[in-house]
Amino acid sequence: MSGTTHQIWIEAGGGHDVVRADAIVMLRLDEAGRLTAQLRDDAKVSVTLLEGSSGARPPEDFHRRLIQTVARLADSGGAQLVRPRHEGGVWSWTSEPV
């Protein structure tokens, strides 16, 4: 996601942390539905954006949907916070002004 605007933030750790979108260089969605992001730094730190679960696993392309959401918001003005939502059996990425 390198090259995106610095004003897009992604909720991590169930809302306890936020990660700047342009700090992410790789996303990984594992078999359990855990979504992790590797950050652009020398230590190659990974951050869990979404904990996996056996019951309400996000769709296979959920990490790609995050990329699409960030790309769509890249041209918007002002800071935006992006967070995962699971309502009524449907997973989505939502955004709101910070």
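Let's start with Trp91: with a relative accessibility of 13%, this residue counts as buried, because buried means under 20% relative accessible area. Keep in mind that the model you are looking at is predicted.

The structure holds two aromatic pairs. In one of them, the rings of Phe62 and Trp91 are 5.4 Å apart at their centres and their planes meet at 65°, so this pair is edge-to-face. Phe62 belongs to helix α1 (residues 62–73) and Trp91 to strand β7 (residues 90–97), so the pair ties together parts 29 residues apart in sequence.

Phe62 also pairs with Trp93, and here the rings are stacked. Since Phe62 lies in helix α1 and Trp93 in strand β7, this pair ties together parts that are 31 residues apart in sequence.

Here are the two pairs side by side:

| Pair | Centre to centre | Angle between planes | Arrangement |
|---|---|---|---|
| Phe62 and Trp91 | 5.4 Å | 65° | edge-to-face |
| Phe62 and Trp93 | 4.6 Å | 15° | stacked |

To put the picture together, Phe62, Trp91 and Trp93 form one aromatic cluster. As you turn the model, look for Phe62 in helix α1 and Trp93 in strand β7.

How values were computed
Residues numbered from 1 in each chain as written. Predicted model: local features only at pLDDT ≥ 70, side-chain atom pairs only at ≥ 80, totals over all residues. Heavy atoms only, no water. Phe/Tyr/Trp six-rings, centres within 6.5 Å; stacked < 30°, edge-to-face > 60°. Helix = DSSP H or I, 4+ residues; strand = E, 2+ residues; numbered from the N terminus. Buried < 20%, exposed > 50% of the residue type's maximum accessible area, 1.4 Å probe, protein only.
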